[in-house]
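Here are a few exercises to work through with the model open in your viewer. Try each task before you read its solution.

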Amino acid sequence: VFLGNGPSGICLSYLLSGYTPYFKRGALHPYPILQRKLEEAPDVSILDQDLEYLSEGLEGRSHSPVALLFDTLQRPDTDFGGTAESVLTWWHEPDRAIPHLVLGRSAPGGAWQSIEGSMVTLSRGEWMGLPDLLFKDWLKQKRRGLRNNRATAEDIAQYYQHYVIKKGLQKNFRCGTVVTSVRKVSAEGVSNHTQKDLQENGDSLWSFNEKSTEVFQVDGFFKNVKGDKEPFSVYAENVVLATGTYDSPTWLGVKGENLSYVHHKLSALEEAVKNNSIGITSDPVLIVGAGLTAADAVLFAHHCNIPVLHVFRRRVSDPGLIFNQLPKMMYPEYHKVHQMMKEQSAACAGPYECYISLPEHHVLSFSKDKKCVFQDKNGCQKVYKISMALVLTGSNPNLSFLPNNGIDLAMDSDQPVNSKRNPIDVDSFTYECTQEKGLYALGPLAGDNFVRFVQGGALAVASSLLKKANKNPP
């Protein structure tokens, strides 16, 4: 059972549906050492090879060796601007399929289904693609091209839904489901007939390994057409956590943050503009944060001519600021926000109307009359009247369905799971949780935050599950 139907879950479903990657005969990888290793066993699927051996020595923009391996097999020279074809060929071997169920709250695509459709992706469009269906080829069928090599969130969401249908994976997906509990139970007494509410393929789908003494019980509910909640319980020897990290926006923890005009999602600004509850003549919208979501909010407000007050803790020149790490040519709109942050502080008027930045400030409190108190690095306080506030300082995964909110699974088991600072502790080559055998973690939960790199985790999980199921050829 997979929890989460975003890119990680979709990719793993593809690999467990019998789609098997092999090194393409005659293909030439630009990295000679990897080429030599791939030529050693051309008839053995990548899933059945030693992933640690293949990935040894690879370098790139991910800390995960398997993520780098699968990425470079699919996009050999993409980090150097090249367009070399994948060195993989895919074979459908149905006898190697492993029965599985993918549970998700919304349509396939996960968080991509809830992102405002016109937003442009941070990653290049081709990096958003999944195995054996190039994103740019799918886009060409829509008679569309990539703007600046990047894609809109709406395109990505549609592509993921199309991918599931095109690859025939729909039978494995259950959308509209909410998981409330995952726990280990004794395998004795778990009968096949209790499973039938979520599966269609007969009891054969749920035959357990006779050696299993414990299995996972996954409880939750799914919403039917009428909107009623129907409970379910399913049992599985292995559970894959792929729920991403966008469930619980980070709060500042200041007085008045729970007032109705203080929001923690960008969609609240879009909604307010749509309802005409804010406009050109409104008091400024407060945007707190200096990441890409905050920048998206600044761009959206600026585009609608809505005045903005932009508050963030860091210096504008801080090398840790994401804007200082992005190439200007590829990300002109984020570079523009960075310029605004630099040139239009409250201390000195700049060329941008309706925008003021307050670097090295933090929020102290919100009051009922929509006044916000800030403090700068020297301890000086300022008060501004605002129309609404958007606190966009990151988000955390919601793992409330796990015992102790999954904290025991994290690298630091004294702190909550966080994709950047404290991911779930997994084996680098199987992605199985070190603290709980049979439980796997993928994507941001395991520290892989880009679509191009979550796929390596799916490769590792698929390889591990195939070994467990004895579906690897000798």
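**Exercise 1.** Is Glu 85 buried or exposed, and which side chain does Glu 85 meet in a salt bridge?

*Step 1.* Glu 85 has a relative accessible area of 64%, so it is exposed (buried is under 20%, exposed over 50%, partly exposed in between; 1.4 Å probe, protein chains only).
*Step 2.* Its salt-bridge partner is Lys 24, at 3.7 Å from N to O; the term needs a side-chain nitrogen of Lys or Arg within 4 Å of a carboxyl oxygen of Asp or Glu.
*Step 3.* The two sit 61 residues apart, Lys 24 in the loop between β2 and α2, Glu 85 in the loop between α4 and β3. Helices (H or I, at least four residues) and strands (E, at least two) are DSSP runs, numbered from the N terminus.
*Step 4.* Lys 24 comes out partly exposed, at 26%.

Some ground rules: this is a predicted model, where local features need pLDDT of at least 70 and side-chain atom pairs pLDDT 80 or more, while totals for chains, interfaces and linings use all residues. Numbering runs from 1 along each chain as its sequence is written, and side-chain values use heavy atoms, leaving out hydrogens and water.

**Exercise 2.** Find which side chain Asp 283 meets in a salt bridge.

*Step 1.* That's Lys 385, again 3.7 Å from N to O.
*Step 2.* Asp 283 is in the loop between α7 and β14 and Lys 385 in strand β19, so the pair ties together parts 102 residues apart in sequence.
*Step 3.* Asp 283 is partly exposed at 34%, and Lys 385 is partly exposed at 38%.
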